[in-house]
Amino acid sequence: VEQRDVQGLRERRPEVLDALLDRYGREIQAVAFLIVRDRADAEDIAVETILTAWHRAGDLRDEASLRPWLLRIATNKSLTHRRRGARVVQLRVVPDIHLRDTAPDSVARIALLAGVASLPPQMRAALVLRYYADLSIEEVAAALGKSPNTVKAQLQAALDRMRLALADEGADRAVRHA
Amino acid sequence: MHDNRLEEQLRRALHAEADALPFRITSADIHSRLNSERRLFMTRALAGIAAAFVIVAAGVLVFATRPSAPPVASSPTPSPVASPTLGSSPSASPSSSANADRPFIGSADEAIVYRIEGTDEDAPQADISLFAARPDGSLRSLGMIAGSTLPVDAHVDRNEINGGAVLVSERGYAAVRFGPGGDTSEAKPGVAVYDLLDLARQPVVIDGGQFGMVWGPGERLAVFDNQIVIFDALAGSRSTTTIPRDVVVARAWSADGAGLVARHETGADLLQYEAGVLTLDGAFNVRTPLPALYQRTGLERPYGGGRRADIPCDQSGPGLDPKLTGCWVVVHGPDGSARQWRAGRTDRKLPGRVDWNHDGSALWGVVDPWPDAPAAVRQVEVLLLTGVEKSTRVATVRVQNPNEALIVGFAGGDRELLVLNGGDKGGNLVRVETSSGKATVVGGSQRLDGFAGWAAAQESYTAR
């Protein structure tokens, strides 16, 4: 399937845009969102990523690497994206399903996500590509234009900060329950 | 790095966060952006050719007439035409003589439709023809907006992502959104407001609008940019509303005119928020449930009976059968449940979006029943999805490109809906009578570009 998509990209067949959106759109949007933390921006980046792939299909050397290549484009766009001045969304974004959950697992999840949001963008991107997109260290390094050792060090530092975020949350809860 | 428990916890947290994110990008969005890019490319190319021609012509002229003249200072491009000031003077109000007794411009069953004139989509200052479309499909002219009244280099914005290019208020004010046409254009994004009862009058021009516009009660127009400009067409006045930090705002007025529907994000987790209304003084007020909404077209009804509909298109997404292709509808209940509503058969493709019906019991959508059909027989089916595996075919509509066919409006009680049949060669509109399935092409063979609102009626929708 990937080879067919790559072939379609190189031949500029319009239907390949639909195929890329179907197969990779949601994941691209998710990666962008986890990095930029804004729904509208993430949607923009996802559209831009697919169109960039359309225009630069010749840059893709390895046909088997379409997915990491797309995620690399999305990551680069996320890291360089200029935040929208206005925060205008479609109506369906507003009264979304409302879940308030204070179960321990949820509390830990919220603490972790707050920790992720507080990371520097490059470190956050490395974390998202590794633990959300499940890319290998080498693929993350290629996406960010860094050496594998640098990425390993960034991930180590990020995990240390996650541990701190969880520990802080645990301490806060202990105080609240005292 | 070998803390497997932490890594697993992190994976779960990231997936929970990302999977809660609705996926709303459609094929139409991608193709629309690609077409915009192509138009931009053509504009640049033509500008480049024109500049090169000017240089060559100037060179030839200099050479022919002044062979002994000193070298001409190089000036590779002609000076751009100075852009006009987009801000309007107070006297430009289209409504100084207007009042609450201002008549409607048509009857309740007439749909206001428009055509952007000219065959060259890249041409700036295009004229726009407006019509009232009767139920039998015939057109009554409401007049023509002269493109020369738009700023120099202004291109009517055809990007559907931010809503239509032309929206008409309940009492006949037409707002036209425009933007720059290419790198050589000096025009800024803006909105021009015309009085359809007096088209000879100069428009009021409002800066901004890159994120769309929407008419509200009392002939007030909200223009979205880095802030929101509220233009009162009856009074001819305008004010500015600042969007507070941590608030996102939708292009939807509350029916009581208090303000615009908004969401206040209260925590690091996106699931922590309050829904309500951003009032015109910039205050966010929690409103539970959300108030009824004012709608000129009846479009955009994302919630029904507490449920939300999503159209995942990724085969690995939640609720999808991996054997199926295309996009499918997943309905999320207020209890967190998710059920897949299929469009009847498994080989149909559901492009675009779905909208709830007026009482929130079912969903409207257009479905491509034959994705590989030859161009001459392409069509979409208008479906009413009433539940899991249940759907009713209401009508069949011939289209150029099923991926660009959209429902763009609903009449009261869903008695009628409008389908925009977009395409590379221009589009048209089809009125569909929902009780009988009768589909009437608006204006016969005439090309039309969009639906701007009902002539004498407003629709309301309760978003819950």
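Reader: How does helix 2 of chain A pass helix 4 of chain A, left-handed or right-handed?

Author: The crossing is right-handed. That's in a predicted model, where local features need pLDDT of at least 70, side-chain atom pairs count only at pLDDT 80 or more, and totals for chains, interfaces and linings use all residues. Right-handed means the near helix is turned clockwise from the far one by less than a right angle, and left-handed means anticlockwise.

Reader: And what angle do helix 2 and helix 4 of chain A pack at?

Author: About 35 degrees, with the axes of helix 2 and helix 4 of chain A 9 Å apart. Axes here are lines fitted to C-alpha atoms, for helices over the stretch in contact, and angles run from 0 to 180 degrees between N-to-C directions.

Reader: Which residues meet there, in helix 2 and helix 4 of chain A?

Author: From helix 2 of chain A they include A:Leu20, A:Tyr24, A:Ile28 and A:Val31, and from helix 4 of chain A they include A:Leu66, A:Leu70, A:Ala74 and A:Ser78. Contact means heavy atoms within 4.5 Å. The residues of this contact between helix 2 and helix 4 of chain A divide into 12 nonpolar, 2 polar and 2 charged. Ala, Val, Leu, Ile, Met, Phe, Trp, Tyr, Cys and Pro count as nonpolar, Asp, Glu, Lys and Arg as charged, and the others, Gly among them, as polar.

Reader: OK, how do helix 4 and helix 7 of chain A cross?

Author: Their axes come within 9 Å and cross at roughly 45 degrees, helix 7 of chain A being residues 137-144. That makes helix 4 of chain A oblique to helix 7 of chain A. For the cut-offs, angles under 35 degrees count as roughly parallel, over 145 as roughly antiparallel, 65 to 115 as roughly perpendicular and the rest as oblique. The crossing of helix 4 and helix 7 of chain A is right-handed. Among the residues making the contact are A:Arg72 and A:Asn76 of helix 4 of chain A and A:Glu139 and A:Ala142 of helix 7 of chain A.

Reader: Which residues of helix 7 of chain A are buried?

Author: A:Ile137, A:Val140, A:Ala141, A:Ala143 and A:Leu144. They cover an arc of only 160 degrees around the axis, which puts them on the same side of helix 7 of chain A. The arc is that of the directions from the helix axis to the C-beta atoms. Buried means under 20% relative accessible area, exposed over 50%, and partly exposed in between, with a 1.4 Å probe and protein chains only. Just after helix 7 of chain A, A:Gly145 has a positive phi of about 70 degrees.

Reader: Switching to helix 1 of chain A, what's buried there?

Author: A:Asp5, A:Val6, A:Gly8 and A:Leu9, within residues 2-10. Viewed down the axis of helix 1 of chain A, the buried residues fall within an arc of 160 degrees, so they line one face of the helix. On the other side of helix 1 of chain A, A:Gln3 and A:Arg4 are exposed.

Reader: What covers the buried residues of helix 1 of chain A?

Author: The cover includes helix 2 (15-36), helix 3 (39-55) and helix 4 (66-80) of chain A.

Reader: What about A:Ala53, buried or exposed?

Author: A:Ala53 counts as buried, at 0% relative accessibility. Leaving aside neighbours within four places in sequence, A:Ala53 is in contact with A:Leu9, A:Trp69, A:Leu70 and A:Ile73.

Reader: How many helices and strands are in chain A?

Author: Chain A has 8 helices and 1 strand. Helices (H or I, at least four residues) and strands (E, at least two) are DSSP runs, numbered from the N terminus. Residues are numbered from 1 along each chain as its sequence is written, chains are lettered from A and ligands numbered from 1 in the order in which they are written, and side-chain values use heavy atoms, with hydrogens and water left out.
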